[in-house]
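Subject: Structure handover

Dear colleague,

I am passing on the structure below, and I would be glad if you kept it open beside this message while you read.

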Amino acid sequence: MEERPFNDISYERFLSEEKLMGSRCQKCGVFFVPPRVICIKCYGTEMEWVEMKGKGKLAAFTCIAIGPPLMIKEGYDRKHPYVSGVVELEEGVRVVARIEGVDGSKPETIKIGTPLQVEFLHRGEEKNLTTFLTFRPS
Amino acid sequence: MRGRRKLGRGVAVVGAGMSKFGMFRDKDSKYLFAEAFNEMLSTVDKGIDPKDIDALYLGNFTNDFFIHQGHWGPIISDLIGLTPKPATRTEGACAAGALAFREGVFAIASGFYDVVLVSGVEEMSKRNTEEVTQGLAMAASPYEVKAGFTFPGVFGAMATAYFAKYGANREHLMNVTIKSHNNARLNPKAQFNVSIRDIMNQRIERAKNRGEPVPAWRDEREFLRDSRANPVVAWPMHLYDCCPISDGASCVLLVAEEIAKDFTDNPLYVVGIGQGSGKGLHAKEDLTHFEATRYAAQEAYELSGLKPEDVQIAEVHDCFSIAEIIHLEDLGFFKPGEGYKAVEEGLTRLDGSKPINTSGGLKCKGHPVGATGTGQLVEIWKQLRGEAGERQVPIKDLRIGAAQSLGGTGGTCTLTILERR
């Protein structure tokens, strides 16, 4: 499908193109998101890209009141906590992502198992463009 | 695993000491190390000439980043007059000190050295919280950092998964905090050697003296539920679920088993050591356990021939309250999903059937990361030799103690089991 090396650089570029991609081992069929270059199940080295549908459910989360500089710059603080979570994709693998569309100041309203839909959050421009993998309730 | 794990020869602990842990404006890494080293020397019953030490292993994680000096092995070796003997720094994030211990054990077990000093040091408090958070994030997975996770955040997320799976809640985490503070109250080396009740009473007293509104907390739980006293850091981790930023150092003296009695009539023997590595949060098979701790435990139990129930006391890596509960299960002390109940029933208290973190743990004793692994063993040394003073556990025939360390977000975990014979 795509001639890109199976690494984090390619994974990030796909995100900026609004694709959530993983690698699938052509020998045993197991797949990994983010991609792995070595299959840790059968040690196969022939990988192919697979695109995730971008649907999943919330497996774990946290509402962060004291964040790193990047998040503070975006306006998050003790009064406005943001949410990071672990999302179990329909395909059966998990990813870590930002969770939008939920209220970080009311953690009791956020439920494990909530169905989620992928969203790509672009920050910066051109060479400095970074895309954050994000999910929100579907 | 191919074949059974074994040590080439036995290794014994014959001395152990630590500096006070805390936040010190006027003490640097070298000074703290000297404090720990001198105390260690004083604990060797029959004495030791430091010139007999063959090698130094030093756990340290953040000095490159925080004080822009990374090559700490020889600096410490020179400090204590060991040059030109070899000095090796170990890196395993918050388990760095535990790795120094393990490498020291291997160095003696191989027959190469007879006397080895294993240790750790960390100097963190001279940086602001933002810098410390950034520095510690060097030990997280890059995927976690990009998703906004902080260290408390990763453990917070594991807590929500644990709560959902086993029906626990924040109230259960409070039991860990209250217990740790009660233990640390009896430990003069602890950064916070006060109980939660002491802290509450001090705050109430202060409000009265200043003529401010007096908080209406009736007990420790009401204090911990009050978001002004105990604010959210990364929900459900609140301030009192998190270990502090600390400075400190610790030292343990290892010798070959056959010469142990030259140093003391009461040595402790290294009967189990184990180490494992683990994946990032997204790739964990189970969000409520640490695969690295389970592997380390399996290794250590197999080497020692002991079972989890044989371990009478343990120091576990409670960087966050939920971590203590999860470790209790990963080490096999309690079944998966039963750890929080055991804490609630008081089984892990000083007077319980399985006392955990009698020192006050990382939460209260402090967590100068590189010094934590060997610092935990200082507590086990004291307890097994009956030298823990007011916090000595009332277990008859106390012989087996263990210490478990965790580095990063579960990337490196260790278990060490010591025995008094």
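What follows is a short account of what was found in it.

Please bear in mind that this is a predicted model, in which local features need pLDDT of at least 70 and side-chain atom pairs count only at pLDDT 80 or more, while totals for chains, interfaces and linings use all residues. Residues are numbered from 1 along each chain as its sequence is written, and chains are lettered from A and ligands numbered from 1 in the order in which they are written.

For the complex, the predictor gives an ipTM of 0.96 and a pTM of 0.96.

In chain B, helix α4 covers residues 96–109; here helices (H or I, at least four residues) and strands (E, at least two) are DSSP runs, numbered from the N terminus. Its 14 residues reach 20 Å from the first C-alpha to the last, close to the 20 Å expected at 1.5 Å a residue, where the expected span is 1.5 Å times one less than the number of residues. Because 12 of the 14 residues are buried, α4(B) is largely enclosed by the rest of the structure; a residue is buried if 20 or more other C-beta atoms, placed from the backbone, lie within 10 Å of its own. Among the buried residues are Leu99(B), Phe101(B) and Arg102(B). Just after this helix, Gly111(B) takes a positive phi of about 95°.

Turning to the two chains, 27 residues of chain B are in contact (C-beta atoms, placed from the backbone, within 7 Å) with 28 residues of chain A. On the chain B side, the elements giving two or more residues are α5, α6, α7 and β5, and α7(B) gives the most, with 7 residues. That side divides into 16 nonpolar, 8 polar and 3 charged residues, where Ala, Val, Leu, Ile, Met, Phe, Trp, Tyr, Cys and Pro count as nonpolar, Asp, Glu, Lys and Arg as charged, and the others, Gly among them, as polar. Strand β4 of chain A and β5(B) also pair in the antiparallel sense over 2 bridges, pairing being counted if DSSP finds at least two bridges between two strands. Within β5(B), Trp235(B) is the bridge partner of Cys63(A).

Best wishes
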